[in-house]
Amino acid sequence: MKKNKVKNKDIIARRSAKNFYLYTSPWLIGFVVLTLYPILYSFYLMFTDTDLTGHGKFIGIENWVYAFKEDPLFFKAFFNTLKYVAMFVPLSLILAFFIALLLSQKIRGVGFFRTAFYIPYITSGVAVTILWGWIFQKDFGIVNYLLGLIHIKGPNWLGDKHMAMVAVVILSLWTIGNNIIIMLAGIQDIPKSYYESAQIDGAGFWRQTFNITLPLTTPTIYFNLIVTIIAAFQVFQQPLILTAGGPLNSTYTAAIHIYNNGFIYGKMGYASMMAWAMFAVIMIITLVVVRSSKHWVFYDD
Amino acid sequence: MDNKLKNSEAKIRKIITYVILIIAAIVCLFPFFWMISTSFKPMDEIYKMPPDWIPLHGTISNFVEGLKGANFGVYFKNTAIISFLATVGTVISSSIVAYGFSRFKAKLSPVLFMVLLGTMMLPSQVTLIPQYLLFNKLGMIDTIWPLIIPSWLGGGAFNIFLFTQFFRTLPKELDEAAMLDGASSFKVFTKILLPSVKPVMLAVLVMSLVYNWNDFFSPLIYLNSNEKFTVAVGLQFFKGSQGNVQVGQMMAMALFSLIPVLIIFAICQKYFIQGIKMSGLKG
């Protein structure tokens, strides 16, 4: 009797395992073929001079030596990317939190505002990037016209090496609607009772914001921070279309460098090395953020 | 007295809140207004300072000339086919895989779930080049297959995760009862679990549709011939071929390319918002 039960349990466990592998097989195959194998292969490619057709030979650390000693754009591309990340990530989080905070007040038309902030996000792509190229145009662009109305001489946004990256950041900030909605959901998750007891204690709006809303939104901010950092390091389409990496390579990012080396110059080995260098930088910064999180992320439970 | 002061303070704060939100909404929407306005202007009006907000002599010639100047009809058809096939693949495969993760156990299942989550952190550049070389070896460069196959093999870690979280909230008693009645595990999936997560399905569907419609990088890499381009790559190509001269045509074509996305959004707004909210779920 007891033996039978054990046997039955065994059969159920085995059937469960069989079903698990059966139903997850599309992902398992995809993972092995399109992720695991490519990771290992790209690690190998990093030490080769493989070209666009996949042929090449082992050259040791020559790609690294070339990147550090001869390629003038390697550090430039990383530096530009870091510059973009350093501007975009904090600004996007602060802006998203601030707007979400306003949306969480008892106001009318939340639906309208949410839609307005969200539309730039879902349309973000080549079309709106081209649109912003026209908006930032130095002589006939609408931004500089509006600045002129308040007697400010608008800069040559896309042609000035100090302004071009700023323009890329502004365009990116315009598409943070998803971050706003995630933040809003985080803020709305906070139990109303916290605010009620704070009001009884006489806490005003700003004290409630800094003592309740902000700390209790830190898990959402943390989530957004990591996702945004990883995405921001891969910035590609906006600088490529808006300024083609220019002027004077001032918006030339790591992802553009990888694309150019791999797919324009056909240096797949070198591009793989760049990809790993980028991955390493992302990993280090993400780890720093994860490590720091225990000092500033506040879990209610 | 104190109360009155507080009340008027709250009123001022409310007014400021509205003012900021309205300005932010204008900043978000104005570029679209400007795109529409520019695309209906004749050339001399486009380069006029100060500009007219609304075209004085509205014309559709930018649309006519733009459509003549490039294969936008073909780009539309290509993008529609790719988006459709990739989206169907994403919804089907990510929900099936999530069913496996949420309802069945194997020795490796916890590890594999961690691996799944880990892949979300991986920048696509790391796998990009070997993937390209692989598809090249299979003779699939300049075909739609590299843009579709990944969607059928799991459909993205994030979508799998989303479905898994929601399947886990459904009581297991339901499917166990159905199994006792002799339903196969696949039937439990299609008849019991899937119908219960319709909002998630629709969220994944609309987000995948828009993602694929807007996607620029993959088509840029895998498609070489003009008649196979998607709208995103076609637009970029069109911009390159026109320089910065034909702004009106560029705006007209950019607007044209956004119409499907805007229509989908207008109809399914609810599911987009739901999908985004779900993506911020802790855990």
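1. Two residues are taken to be in contact if their C-beta atoms, placed from the backbone, lie within 7 Å. Leaving aside neighbours within four places in sequence, Ala254(B) is in contact with Ala127(A), Ile130(A) and Leu131(A) of chain A, and with Met35(B) and Leu235(B) of chain B.

2. A word on conventions is needed before going further. This is a predicted model, in which local features need pLDDT of at least 70 and side-chain atom pairs count only at pLDDT 80 or more, while totals for chains, interfaces and linings use all residues. Residues are numbered from 1 along each chain as its sequence is written, and chains are lettered from A and ligands numbered from 1 in the order in which they are written.

3. Between the chains, 72 residues of chain B are in contact with 75 residues of chain A. On the side of chain B that touches chain A, the largest share, 14 residues, comes from helix H14 (residues 247–279) of chain B, where helices (H or I, at least four residues) and strands (E, at least two) are DSSP runs numbered from the N terminus. By class, that side of chain B holds 47 nonpolar, 19 polar and six charged residues; here Ala, Val, Leu, Ile, Met, Phe, Trp, Tyr, Cys and Pro count as nonpolar, Asp, Glu, Lys and Arg as charged, and the others, Gly among them, as polar.

4. The largest nonpolar core has 143 residues, and those with the most contacts inside it are Leu131(A) and Ala254(B). A nonpolar core is a set of buried Ala, Val, Leu, Ile, Met, Phe, Trp, Tyr and Cys residues joined through C-beta atoms within 7 Å; a residue is buried if 20 or more other C-beta atoms lie within 10 Å of its own, exposed if 12 or fewer, and partly exposed in between. H14(B) gives the most to this core, with twelve residues.

5. Helix H13 (residues 268–296) of chain A packs with helix H6 (residues 124–137) of chain B at an angle of about 155°, their axes being 8 Å apart; axes are lines fitted to C-alpha atoms, for helices over the stretch in contact, and angles run from 0 to 180 degrees between N-to-C directions. H13(A) is therefore roughly antiparallel to H6(B), a term used for angles over 145 degrees, whereas those under 35 count as roughly parallel, 65 to 115 as roughly perpendicular and the rest as oblique. Met268(A), Trp276(A) and Phe279(A) are among the residues that H13(A) brings to the contact, and those of H6(B) include Val126(B), Ile129(B) and Leu133(B). The contact has ten nonpolar, two polar and no charged residues.

6. Within chain A, helix H3 (residues 72–103) and H12(A) pack at an angle of about 140°, with their axes 7 Å apart. Leu73(A), Ala77(A), Phe78(A) and Thr81(A) in H3(A) meet Ala254(A), Ile256(A) and His257(A) in H12(A), and the residues of this contact divide into five nonpolar, two polar and no charged.

7. Two cis peptide bonds deserve a look. One joins Gly246(A) and Pro247(A), with omega about -10°, and Pro247(A) is found in the loop between helix H11 (237–243) and helix H12 (254–264) of chain A. Another joins Met49(B) and Pro50(B), with omega about -5°, and Pro50(B) is placed in the loop between helix H2 (43–46) and helix H3 (61–69) of chain B.

8. Positive phi values also occur outside glycine. His151(A), with phi near 60°, is in the loop between helix H6 (142–149) and helix H7 (164–173) of chain A, and is exposed, with 6 other C-beta atoms within 10 Å. Asp142(B) has a positive phi of about 65°, lies in the loop between H6 and helix H7 (145–152) of chain B, and counts as partly exposed, with 14 C-beta neighbours inside 10 Å.

9. Chain A is divided into domain 1 (1–45) and domain 2 (62–296), with 38 Å between the centres.

10. Phe167(B), in helix H8 (residues 157–169) of chain B, counts as buried, with 23 C-beta neighbours inside 10 Å. Leaving aside neighbours within four places in sequence, its contacts include Ala98(B), Tyr99(B), Leu193(B) and Val197(B).

Conventions. Domains from an automatic or database assignment.
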